[in-house]
Amino acid sequence: MSIYTKTGDKGTTSIYGGKRVSKDELIIEATASIDELSTFIGFIVNYLTYKKEVKFLTEVQKNLYLIMAYLSGAKIELKHLTTETKRFEQLIDKYTSHLPKLNRFILNPGSKIASLFHMLRTTTRQCERRVVSYLKSSRKQNYENEKLILIYLNRMSDLFFTFARKYSKNKEILT
């Protein structure tokens, strides 16, 4: 089977269920943004040495794909995102308890991995904005899922900020 289908040559693409939409639709912006975020997570995993963190971030990628499926029209529940968000909060609290108190903005240097986590943080924020735009334009079938998605993405950016601080090895530059 060929990787190219030529079905998108006129500026359309398929979403869940085979429905074709324009490549500039908000649903495509939202799901492409999530896909980009997942790709960056996969990139940073290559630099991590802690197997627990690699496994954890791989699970995050799987959740992002479930979110993309839901946004594209799949009839799935995302109740487990509540538990996953709590995991984020637990990690944030755990790592923050070992970091210096933060009372000013910081700049990104510290280490290569810290900078990559800052890139993940900003990509997550961008993704969040795209998802909000899509959700505002088109009410999905399950308002509870939408709420869980937004909380999950918001907390994820906080987690990546915390990971960046953890990996900066106390070399943050305060503004």
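Predicted model: local features only at pLDDT ≥ 70, side-chain atom pairs only at ≥ 80, totals over all residues.
Residues are numbered from 1 along each chain as its sequence is written, and side-chain values use heavy atoms, with hydrogens and water left out.

Let's start with the fold. The chain has five helices and four strands, counted as DSSP runs (H or I, at least four residues, for helices; E, at least two, for strands) and numbered from the N terminus. Starting at that end, the order reads β-β-α-α-α-β-α-α-β.

Next, packing. Of the chain's 175 residues, 39% are buried, meaning under 20% relative accessible area with a 1.4 Å probe, protein chains only. Take the contacts (heavy atoms within 4.5 Å) between residues at least 6 apart in sequence: 75% of them link residues at least 24 apart.

Now the cavity. Rolling a probe the size of a water molecule over the atoms shows where empty space is left. Here a cavity is a set of points, on a 1 Å grid over the protein atoms alone, where a 1.4 Å probe fits but cannot get out; lining residues have an atom within 4 Å of a point. The volume is the space filled by probe spheres set on the points, which are joined across faces, edges and corners.

How many cavities of 30 Å³ or more does the structure hold? It holds one. The largest cavity has about 30 Å³ of space, and its lining is Phe40, Phe43, Ile44, Leu116, Met119 and Leu120. Helix H1 (26-45) and helix H4 (112-137) each give at least two residues to that lining. Thanks, everyone!

Note on methods:
Buried < 20%, exposed > 50% of the residue type's maximum accessible area, 1.4 Å probe, protein only. 1 Å grid on protein atoms, 1.4 Å probe; cavity = no way out; pocket = protein on both sides within 12 Å on 5 of 7 lines; lining within 4 Å.
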